[in-house]
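Let's take a friendly walk through a protein model.

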Amino acid sequence: MSGHSKWATTKHRKAAQDAKRSALFSKLSRNITVAAKEGGDPNPDNNASLAAAIEKAKGYSLPKDKIKTAIDKAFGSGKDAANYETVIYEGYGPAGVAVYLEALTDNRNRTAADVRSAFSHANGSLGTSGSVAFQFERKGQIMIPKEVETGDKKAPVKPNGAAADEEEFMLAVAEAGGDDYEDADEEWIVYTSPTDLMAVKKAIEEAGIETKGAELIMEAATPTEVSISDAKKVMRLIDKFEELEDIQNVYHTMDITDEIAEALDE
């Protein structure tokens with residue numbers, strides 16, 4: 001097992017989402033509401049989908065009161081998760097980069113029109129179901145800080161158990177059943193099979209390591225190499241999708257190298 005180097009892609013995606021925090025919180029809340037409703041139980045211990053939705057929300061610092069409100073909404077009266085359905089959109093953006101979108105919508109026609117328009121303006125195309133899904137692999141992802149807060153003003157942070165040392169952390173991840181890990185500056189990212197996500201997270205925590213959040217992601221099986229100019233076109237399309245209220249997650253196959261990441265941050 002060794003850390004791989006997809007952090008440029010992950011970092012850029014998180015930065016884009018964090019920049020739109022208000023909209024992100026709305027999407028995370030909707031995701032929790034739908035998971036609670038579809039699972040039929042407000043207790044995450046009995047509802048795996050809800051547990052995963054909450055862990056993802058925690059990873060992006062969604063406040064506890066908003067999480068509770070989102071769960072309550074699923075079982076309350078009025079407009080709630082019963083109005084939403086999960087829809088997948090697939091297509092190709094500039095330079096042949098495959099794009100996979102996960103949406104929660106109460107109006108398929110509106111969302112499809114918005115997605116089709118975004119693809120069209122980017123000289124891309126909306127594809128049929130399954131047209132790009134085969135280019136991605138579903139994985140679990142756990143975020144683990146290398147240091148954690150102590151609450152002590154004199155020593156505000158301390159090492160997060162074995163996460164402070166790569167060799168010890170590698171062994172801990174292997175023993176917990178993780179597939180791989182990645183060095184992401186101030187934190188580690190652990191990858192798992194989709195079905196093992198929560199079990200691996202629990203095992204890591206039982207080893208005395210605090211986690212920051214966990215979620216299911218779609219990872220490109222074979223990244224698409226693009227030029228810097230095409231990368232900027234692709235990111236404009238990705239940003240457009242991120243702005244759409246109904247779109248929960250945006251995944252793409254573009255290979256964001258260090259050089260491209262620097263160009264996109266300019």
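## Before we start

A residue is called buried when its relative accessible area is under 20%, exposed when over 50%, and partly exposed in between, using a 1.4 Å probe and protein chains only. This is a predicted model, so local features need pLDDT of at least 70 and side-chain atom pairs count only at pLDDT 80 or more, while totals for chains, interfaces and linings use all residues. Residues are numbered from 1 along each chain as its sequence is written, and side-chain values use heavy atoms, leaving out hydrogens and water.

## The whole chain

The chain has nine helices and ten strands; these are DSSP runs numbered from the N terminus, with at least four residues (H or I) for a helix and at least two (E) for a strand. Of its 266 residues, 47% are buried.

## An open sheet

Strands of a sheet pair through backbone hydrogen bonds, either parallel or antiparallel. Here, four strands make an open sheet in the order β3-β1-β2-β10, with antiparallel pairing. Two strands pair if DSSP finds at least two bridges between them. At the edges, β3 (125–126) and β10 (247–252) each pair on one side only. Two bridges link β1 (residues 85–92) to β3, and Gly91 has Leu126 as its bridge partner in β3.

## The two sides of α8

Which residues of α8 are buried? They are Ala231, Val234, Met235, Leu237, Ile238, Phe241 and Glu242. They sit on the same side of α8 because they cover an arc of only 160 degrees around the axis, taken from the directions from the helix axis to the C-beta atoms. On the other side of α8, Arg236 and Glu243 are exposed.
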